[in-house]
Amino acid sequence: MKKKLVIVGGGFAGVRLIRALGRAASRLEITLVDRREEAVFLPLLPDVVAGKVSLDRLLFGLEDFCGRRGVEFINSAAAGLTDPHTLLLSAGRLLPFDFLVLAAGAEPNFHGNRPAREIALTLAGKADAERLQKRLEEVLSRGPGHTFLVVGGGYTGAETASALVYAGRRADRSGTAPFTVRILELAPEILGNLPEGIAVPARREVKRLGIEVTLSARIGEVGDDRIEVDGEDIRDCTLIWSAGMKAVDLAGELDFPRDKQGRLKVNDDLTLPGAGHIFALGDTACFTAGDRPLRMAVQFSWAEGSKTARNIRRILKGKRPRPYRPFDYGYLIPCASGRAWGIILGIRVSGRLGSFFHYFMCLFRTLSWRNRFLLVLELAGLKRVRGR
Ligand SMILES: Cc1cc2nc3c(=O)[nH]c(=O)nc-3n(C[C@H](O)[C@H](O)[C@H](O)COP(=O)(O)OP(=O)(O)OC[C@H]3O[C@@H](n4cnc5c(N)ncnc54)[C@H](O)[C@@H]3O)c2cc1C
């Protein structure tokens with residue numbers, strides 16, 4: 001009898017795991033469950049907003065991918081566990097498993113602000129990018145006066161704000177965005193968790209792009225077309241929430257320890273405490289290396305998918321799983337102006353070279369050859385970007 005492997009989430013970690021299983025896949029009955037039909041290449045979403053690449057280039061069809069590999073694909077949301085060996089899907093269906101891999105990613109963290117959750121736009125998926133593109137079109141068709149308020153001055157907030165400016169400048173013949181872009185940051189500085197050598201030039205770029213920054217900002221009442229910030233009533237505005245991510249709700253439905261971002265705490269082999277047959281990977285997992293939890297990043301999701309494939313192969317051979325030893329290649333803070341700042345293999349990189357590394361990483365991690373090829377053409381300006 002083949003062992004049943006159920007994977008929740010066909011993002012970086014889930015897809016990598018299926019690919020890395022290789023021939024061991026034929027000794028398993030594998031089911032991939034995802035609430036979406038496509039995996040989305042999230043790091044390039046700001047480039048879609050900026051009009052640099054088409055949204056289609058970021059999508060990777062899961063049904064086709066699974067079909068080619070003899071994996072069953074179920075397009076549904078996982079809702080929880082009914083017992084240690086049965087997954088409950090949102091439509092009520094029960095899926096028994098021998099091994100379960102939770103790789104369901106993360107979602108925007110509204111920190112309990114319900115009005116903002118109802119009104120704000122986010123940038124964490126395909127539908128989000130479509131909504132933001134639509135709003136941009138509406139705003140551009142109306143003329144000046146609108147304000148985009150980006151809540152959160154972390155790297156995604158700064159990147160999103162720069163993408164909006166870039167989109168506005170492109171659309172307007174004068175080369176200036178016909179709307180205001182403003183970052184609202186609760187802390188006394190934007191990009192405050194980065195080393196000064198990276199944060200300072202990145203902040204300078206934000207300023208150079210004409211993005212207004214309000215520090216120590218307190219958001220008050222949130223209405224349909226108005227937002228109160230530090231007592232100031234801002235009208236004709238769009239709220240874009242970029243104030244951090246947390247593990248998806250599914251993680252909260254499970255009776256296992258979590259960190260403050262709601263991520264499931266994992267053992268050194270990425271299994272859950274007391275459940276050696278359940279793995280958590282990528283943004284859903286909190287893996288502590290030394291005394292610090294790993295940040296949410298593609299490279300770790302990818303590596304954890306590979307490691308778990310190797311460990312499942314070992315378990316099938318009657319061997320013990322081996323611990324995951326993360327290697328950090330570094331990080332980059334990209335800006336739509338074609339500059340990026342960060343650290344690669346311990347060396348500080350900046351400006352155009354940083355941007356080159358960012359796109360190189362994106363192309364390297366892109367899930368299909370077709371998308372990779374078309375992305376190169378679009379980024380090089382050799383192919384028209386759809387929807388621009
Ligand atoms: C705008 C943006 C920019 C980013 N830029 C970078 C960057 O430059 N570099 C970098 O390293 N990282 C970046 N990240 C973070 C990076 O994208 C994530 O760390 C990575 O996608 C996590 O991979 P994953 O496999 O854990 O989850 P994901 O790739 O998010 O995949 C999770 C999958 O699970 C599915 N799912 C969710 N809930 C359920 C459920 N209940 N049932 C079934 N399926 C479910 C989702 O539909 C999705 O397909 C960025 C993220 C965002 C949002």
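**Figure 1. Overall dimensions of the predicted model.** The C-alpha trace spans about 65 × 45 × 40 Å along its principal axes. This is a predicted model, in which local features need pLDDT of at least 70 and side-chain atom pairs count only at pLDDT 80 or more, while totals for chains, interfaces and linings use all residues. Residues are numbered from 1 along each chain as its sequence is written. The protein holds 11 helices and 27 strands; helices (H or I, at least four residues) and strands (E, at least two) are DSSP runs, numbered from the N terminus. Of the 388 residues, 43% count as buried. Here, buried means 20 or more other C-beta atoms within 10 Å of a residue's own, exposed means 12 or fewer, and partly exposed lies in between, with C-beta atoms placed from the backbone. Among contacts between residues at least 6 apart in sequence, 64% join residues at least 24 apart; a contact requires C-beta atoms, placed from the backbone, within 7 Å.

**Figure 2. The shell around the ligand.** Which residues come nearest to the ligand? Of the 34 residues around it, these are Gly-9, Gly-11, Leu-42, Gly-105 and Gly-282. A residue is near a molecule or strand if its C-beta atom, placed from the backbone, lies within 6 Å of it. Helix 1 (12–21), strand 2 (28–34), helix 2 (45–49) and helix 9 (298–316) each contribute at least two residues to this shell. By residue class, the shell divides into 20 nonpolar, 10 polar and four charged residues. For this count, Ala, Val, Leu, Ile, Met, Phe, Trp, Tyr, Cys and Pro are nonpolar, Asp, Glu, Lys and Arg are charged, and the others, Gly among them, are polar.

**Figure 3. Helix 1 and its packing partners.** Let us zoom in on one of the shell's contributors. Helix 1 is mostly covered, with eight of its 10 residues buried. The buried residues are Phe-12, Ala-13, Gly-14, Val-15, Arg-16, Leu-17, Ile-18 and Leu-21. They pack against strand 1 (3–8), strand 2, strand 3 (38–40), helix 3 (62–69), strand 9 (99–102) and helix 9. Just after the helix, Gly-22 adopts a positive phi of about 55°.

Figure 4. Three strands in the order 6-7-8 form an open sheet with antiparallel pairing; two strands pair if DSSP finds at least two bridges between them. Strand 6 (78–83) and strand 8 (94–96) are the edge strands, each pairing on one side only. On average, neighbouring strands here are turned by 30° against each other, direction ignored. Four bridges join strand 6 and strand 7 in the antiparallel sense, and the two form a hairpin with two residues between them. Gly-80 stands opposite Leu-88 in strand 7. Strand 7 (residues 86–89) also pairs with strand 8, antiparallel, over three bridges. In that pair, Thr-86 has Pro-96 as its bridge partner.

Figure 5. Strand 25 and strand 26 pair over six bridges, with Leu-332 opposite Gly-342. Their hairpin has three residues between the strands, and Gly-338 in the turn has a positive phi of about 90°. Axes are lines fitted to C-alpha atoms, for helices over the stretch in contact, and angles run from 0 to 180 degrees between N-to-C directions.

**Figure 6. Glu-189 in its loop.** Glu-189 is located in the loop between strand 12 (180–184) and helix 7. Is this residue buried or partly exposed? Glu-189 counts as partly exposed because it has 16 C-beta neighbours inside 10 Å. Glu-189 and Ser-216 are 27 residues apart in sequence, and their C-alpha atoms lie 7.8 Å apart in space.

Key: Two residues are in contact if their C-beta atoms, placed from the backbone, lie within 7 Å.
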